[in-house]
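Could you walk me through reading a helical model, one feature at a time? I would like the general idea and then the case at hand.

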Amino acid sequence: MAPRRSSFLADFQAFINKGNVVDLAVAVVIGGAFGKVVDAVVSLVMGSLLTPALKAANVDSINAWPAGAVIVALINFLVIAFVVFLIVKAIEATKRKEEAKAEAAAVPDVQAQLASAVTRLADALDRKGL
């Protein structure tokens with residue numbers, strides 16, 4: 001019975017050591033921390049933009065409406081989605097800049113390539129006697 005248990009533990013250890021599981025664990029931890037930042041942004045948006053608009057419309061609270069909790073959840077979702085969209089756009093812009101720099105550094109000298117091709121062509125024509 002001991003070898004079976006050892007095999008089970010070895011399988012479990014192999015599962016845990018896979019990169020995807022570790023990456024997922026890191027993502028969950030960072031997501032939890034990021035959730036607090038998003039909550040703060042949502043509270044800021046709700047407090048600075050939505051509350052004055054509701055007061056101007058003589059509405060005390062959306063939660064008092066029959067479907068108020070759903071409306072608040074939808075508003076929170078839209079604000080969270082927008083904040084995540086902005087963050088992803090910023091990260092993509094940074095990656096594009098880095099890729100452009102790497103690509104610019106990796107682009108070979110076109111003039112040198114053209115000169116080399118012309119030289120090879122001239123050599124080939126000389127060898128053929130043309």
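Q: Before we start, what should I know about the numbering and the model?
A: Residues are numbered from 1 along each chain as its sequence is written. The model is predicted, so local features need pLDDT of at least 70 and side-chain atom pairs count only at pLDDT 80 or more, while totals for chains, interfaces and linings use all residues; side-chain values use heavy atoms, with hydrogens and water left out.

Q: How many helices and strands does the chain have?
A: Helices (H or I, at least four residues) and strands (E, at least two) are DSSP runs, numbered from the N terminus. Here the chain has four helices and zero strands, and from the N terminus the order reads α-α-α-α. The radius of gyration is 30 Å, well over the 14 Å that the globule rule gives for 130 residues, so the chain is more spread out than a compact globule. That radius is taken over C-alpha atoms, and the rule is 2.2 Å times the number of residues to the power 0.38. Along the principal axes, the C-alpha atoms fill a box of roughly 95 × 70 × 20 Å.

Q: What share of the residues counts as buried?
A: Buried means under 20% relative accessible area, exposed over 50%, and partly exposed in between (1.4 Å probe, protein chains only). Of the 130 residues, 8% count as buried. The accessible surface, from the Shrake-Rupley method with a 1.4 Å probe and, for residues, only the protein chains shown as cover, comes to about 10800 Å², with 68% of that belonging to carbon and sulfur atoms.

Q: Which residues form a nonpolar patch on the surface?
A: Patches take residues with over 30% relative accessible area and no salt bridge, joining like charges within 9 Å and nonpolar side chains (Val, Leu, Ile, Met, Phe, Trp, Tyr) within 5 Å. A salt bridge puts a side-chain nitrogen of Lys or Arg within 4 Å of a carboxyl oxygen of Asp or Glu. In this chain F12, F15 and I16 form such a patch, with about 280 Å² of accessible area together. F15 sits in helix α1 (residues 2-17) and is partly exposed because its relative accessible area is 43%.
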